[in-house]
Amino acid sequence: MDLLNTLVDKGLRRELPTREEALAVLATSDDDLLDVVAAAGKVRRQWFGRRVKLNYLVNLKSGLCPEDCSYCSQRLGSKAEILKYTWLKPDEASQAAAAGVAGGAKRVCLVASGRGPTDRDVDRVSKTIEAIKEQNEGVEVCACLGLLSDGQAERLRSAGADAYNHNLNTSEGTYGDITTTHTYADRVETVHQAQAAGLSACSGLIAGMGESDADLVDVVFSLRELDPDSVPVNFLIPFEGTPLAKEWNLTPQRCLRILAMVRFVCPDVEVRLAGGREVHLRSMQPLALHLVNSIFLGDYLTSEGQAGQADLDMIADAGFEVEGAGTTTLPTHRARQGGGCGSHDGGCAPCGEAPGEAAAESPEVPAARTDLVAVRRRGAGTDLAPNA
């Protein structure tokens, strides 16, 4: 397929595909799916070999968020029966992080619900970062605390944070449809603040919220322009009790096409398979390892993931290897330049019409698998051992 040959060549040169080419990936048929995965896999192996980076989430404060993000089980007005608790103490958070590190995680992601941290919150998280670093030599720490105020990113960096996560989630044009209590521009500004403070930027998306192919391409092109080092790709977990509980729009095949498109647009970036992979990819998760070079180990913020050992077995069985603590994740050219999705020499293609190829008829979406959405009841904030 000429399209895939072109995309592989561009990916190996870190050249931005056109918008039409990205749309065409999402429009490929299921008959061509393995060809798409194989093509994107060539790009993935060029920049990351067969390494898989493991990340581990610690939910520092769960639920009771004043924001109204429609996809989130912790949102204002959520009736999802999730764990709710206030801030973990630094030693509690460090203990939770240690379980993930012992399971092979190279990065610990510290997340707290809320619009954004107060200065007191930043002090609290700073102590937590210091405790984790003291007890786990060489571990990376990424903070995800919401919208940042002036000076807060610098304080987190001084405390030892390596990275900051703040996702764009969806396209600018549709952002107001999922959240009204803050704006898309607010999110972009927080990522810029993290980058200006010298933190590695982590910013991604959520697929499956009812968005169009054009929306998906828009947000991924925006992420390329934003220049993060890591792009997490989440697939909506439709929690009962949230406005998007009935949005079951994804098939395993569509998930793989989305991941392939992200890899082609950001070829040399840490593309991370994040929340929802067990729910939507199911038995096809191993194929995604040919597209992504990073996953979360074990559980998520408010939902359970598959067993940590199952993650490790999946990686080994698929012929990949866990990335060691002494290995630099990003290619040397990105580490040297301080990050970025790759060369911008070609610029961004202007918004154009749909791809010339006729889009394949959309496959019938299978019945909702509500049995696969399991609320987290173990780990941080409970008396039960974590899943790592």
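## A walk through the helices and cores

In helix α8, the buried residues (those under 20% relative accessible area, with exposed meaning over 50% and partly exposed in between, for a 1.4 Å probe and protein chains only) are Y184, R187, V188, T190, V191, Q193 and A194. Before going on, keep in mind that this is a predicted model, where local features need pLDDT of at least 70, side-chain atom pairs count only at pLDDT 80 or more, and totals for chains, interfaces and linings use all residues. Residues are numbered from 1 along each chain as its sequence is written, and side-chain values use heavy atoms, with hydrogens and water left out.

Helix α8 covers residues 184-196, 13 residues in total, and spans 19 Å between its first and last C-alpha, close to the expected 18 Å. That expected span is 1.5 Å times one less than the number of residues. The buried residues of α8 pack against α6 (152-159), β4 (163-165), α7 (175-178), β5 (200-202) and α9 (213-226). Just past the helix, G198 has a positive phi of about 90°.

Now try helix α5, residues 119-135. Its 17 residues should span 24 Å at 1.5 Å a residue, and the end C-alpha atoms sit 25 Å apart, so the two values agree. Its buried residues are D121, V122, V125, S126, T128, I129, A131 and I132. Among the elements covering them are β1 (51-61), α4 (90-102), β2 (107-112), β3 (140-144) and α6.

Next, the cores. A nonpolar core is a set of buried Ala, Val, Leu, Ile, Met, Phe, Trp, Tyr and Cys residues joined through side-chain atoms within 4.5 Å. In soluble globular proteins, nonpolar side chains tend to be buried together. The largest core here has 69 residues, and L205, F235, L259, M261, F264 and I295 touch the most other members. Helix α10 (residues 252-265) gives this core its largest share, nine residues. There's also a second, separate core of 31 residues, with L148, Y164, A197 and L199 among its members.

Helix α10 also meets helix α3 (residues 33-48): their axes come within 9 Å and cross at roughly 40°. Axes are lines fitted to C-alpha atoms, for helices over the stretch in contact, and angles run from 0 to 180 degrees between N-to-C directions. On the α3 side, the residues in contact (heavy atoms within 4.5 Å) include L33, V36 and F48, and on the α10 side they include Q253, L256 and F264. The residues of this contact divide into ten nonpolar, one polar and three charged. Here Ala, Val, Leu, Ile, Met, Phe, Trp, Tyr, Cys and Pro count as nonpolar, Asp, Glu, Lys and Arg as charged, and the others, Gly among them, as polar.

Finally, a few single residues. E21 lies in helix α2 (residues 19-26) and is buried, with a relative accessible area of 15%. Setting aside neighbours within four places in sequence, E21 is in contact with L3, T6, L7 and K10. L64, in the loop between β1 and α4, isn't a glycine, yet its phi is positive, near 60°. L64 is exposed, at 65% relative accessible area. D227, another non-glycine residue with a positive phi, near 70°, sits in the loop between α9 and β7 (230-235). At 28% relative accessibility, D227 counts as partly exposed.

Conventions: Helices (H or I, at least four residues) and strands (E, at least two) are DSSP runs, numbered from the N terminus.
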